[in-house]
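Hello,

Here is the structure we talked about. Please open it and keep it beside this email as you read.

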Amino acid sequence: SSLMAAKLGAGTCFYAAADGFVGLPQVDDCHRQIASANWHASVSLLASRLPQGLFVDIGSTTSDLIPFSDGHALNRGFTDAERMRNDELVYTGVVRTPLMALAPVIMFRGEAYHVAAELFATTADIYRITGDLMETEDMAATADGSEKSLQGSMRRLARMLGHDDEDAGDGDWMALAQAFKTVQLQQLRRAVERLLARGQLSMDAPLVAAGAGRFLAHALADELQRDCLEAEQLIDAETPELRRWAGVCFPAYAVATLLPQAGA
């Protein structure tokens, strides 16, 4: 924090979640509130612009699922451990998650296959195959360190079942990728349904999607028969390109927007 303040100036403020913005002298006392508070900034901004909703930020590695209403986040946990226990942080994402973490068994060509407990492929492979993952958000290295091509993704996916990619056709690997996508959607849906079962939100509360995996948030909203908004739709920007990038970096945009609102 002192190095950051030296680069940005003595007036640098730090976002400390419910404690608001603090200066450098307060950092040591507020470090627990400052660490990993990006989700809190995002939800705080959304809660100031929408009456209620469920924030669904699906990133490369994790998913933040936070209900909000009447200007406040309705989280029950704050630390990662508390949030994981309360379904508000789910360790699943659309780039870095190993496929072995999604299911021990998967259907392929009408047969149940055990999934290899090895880092042969990641979720980025399945979403390259399905065409869901934007190239600009496909930033992590592949499991085998090789290319991010469609064929490379199919080769890595095949290894999860002990196959080589030439053992089946491209349509078969597409179907397998869709099967893993379905499993990940089910994992997220179970968590979302437990959050909605708290009764904190009305039946017409929308999902608000953000992150590289926002396409999964839209799929969840369809399954749950709820409206789905993109977080970037709530961003004021001069051009669509600026709005899109602010949406990609939504927590940073949220902190920058909340700072003047706080009068800091």
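**The largest pocket**

Four helices each supply at least two residues of the lining of the largest pocket: H3 (38-49), H4 (80-85), H9 (240-248) and H10 (250-262). Bear in mind that this is a predicted model. The volume of the largest pocket is about 290 Å³. Its lining has 17 residues, and Asn38, Asp57, Thr62, Asp64 and Leu89 are the closest to the centre.

**The cores**

Next, the nonpolar side chains. In soluble globular proteins, these tend to be buried together. In this model the largest nonpolar core has 50 residues. Which of them touch the most other members? They are Val94, Leu157 and Phe180. Several elements each supply at least two residues of this core, among them strand S3 (52-58), strand S7 (105-108), helix H5 (123-130) and helix H8 (214-224). Helix H7 (170-196) is also on that list. H7 gives the most, with 11 residues.

Take a look at Phe180. Leave aside its neighbours within four places in sequence. Phe180 is then in contact with Leu99, Leu102, Ile106, Val115, Ile126 and Leu157. There is also a second, separate core, made of 23 residues. Tyr15, Phe21, Ala41 and Ala210 are included in it.

**Rings and charges**

A search of the whole structure finds 7 aromatic pairs. One to look up is Tyr127 with Phe215. Their ring centres are 5.0 Å apart and their planes are at 65°, so the pair is edge-to-face. The cut-off for that label is over 60 degrees. Tyr127 has 0% relative accessibility, so Tyr127 counts as buried. Phe215 has 16%, so Phe215 is buried too.

Now find Phe55, Phe250 and Tyr253. Ring pairs link these three into a cluster.

Two arginines sit over rings. Arg83 lies over the face of Trp39, 4.4 Å from the ring centre. The charged end of Arg244 is over the ring of Trp245, at 4.5 Å from its centre.

**A look at Gln52**

Gln52 lies in strand S3. Its relative accessibility is 16%, so Gln52 counts as buried. Neighbours within four places in sequence aside, Gln52 is in contact with Phe68, Ser69, Gln200, Leu201, Ser202, Asp204, Ala205 and Pro206. Gly131 is 79 residues away from Gln52 in sequence. In space, the two are 32 Å apart, C-alpha to C-alpha.

**Two positive phi values**

Most residues other than glycine have a negative phi. Which residues here have a positive one without being glycine? Asp87 is one of them, with phi near 65°. Asp87 is found in the loop between H4 and strand S6 (89-90). At 17% relative accessibility, Asp87 counts as buried. Arg109 also has a positive phi, of about 55°. Arg109 is found in the loop between S7 and strand S8 (111-114). With 53% relative accessibility, Arg109 counts as exposed.

Best wishes

Terms used:
Residues are numbered from 1 along each chain as its sequence is written. This is a predicted model: local features need pLDDT of at least 70, side-chain atom pairs count only at pLDDT 80 or more; totals for chains, interfaces and linings use all residues. Side-chain values use heavy atoms; hydrogens and water are left out. A nonpolar core is a set of buried Ala, Val, Leu, Ile, Met, Phe, Trp, Tyr and Cys residues joined through side-chain atoms within 4.5 Å. Buried means under 20% relative accessible area, exposed over 50%, partly exposed in between (1.4 Å probe, protein chains only). Contact means heavy atoms within 4.5 Å. Rings of Phe, Tyr and Trp (its six-membered ring) pair if their centres lie within 6.5 Å; planes under 30 degrees apart count as stacked, over 60 as edge-to-face and the rest as tilted. A charge sits over a ring if NZ of Lys or CZ of Arg is within 6 Å of the ring centre and within 35 degrees of the ring normal. On a 1 Å grid over the protein atoms alone, a cavity is a set of points where a 1.4 Å probe fits but cannot get out, and a pocket is an open set with protein on both sides within 12 Å along at least five of seven lines; lining residues have an atom within 4 Å of a point. Grid points are joined across faces, edges and corners, and a volume is the space filled by probe spheres set on the points.
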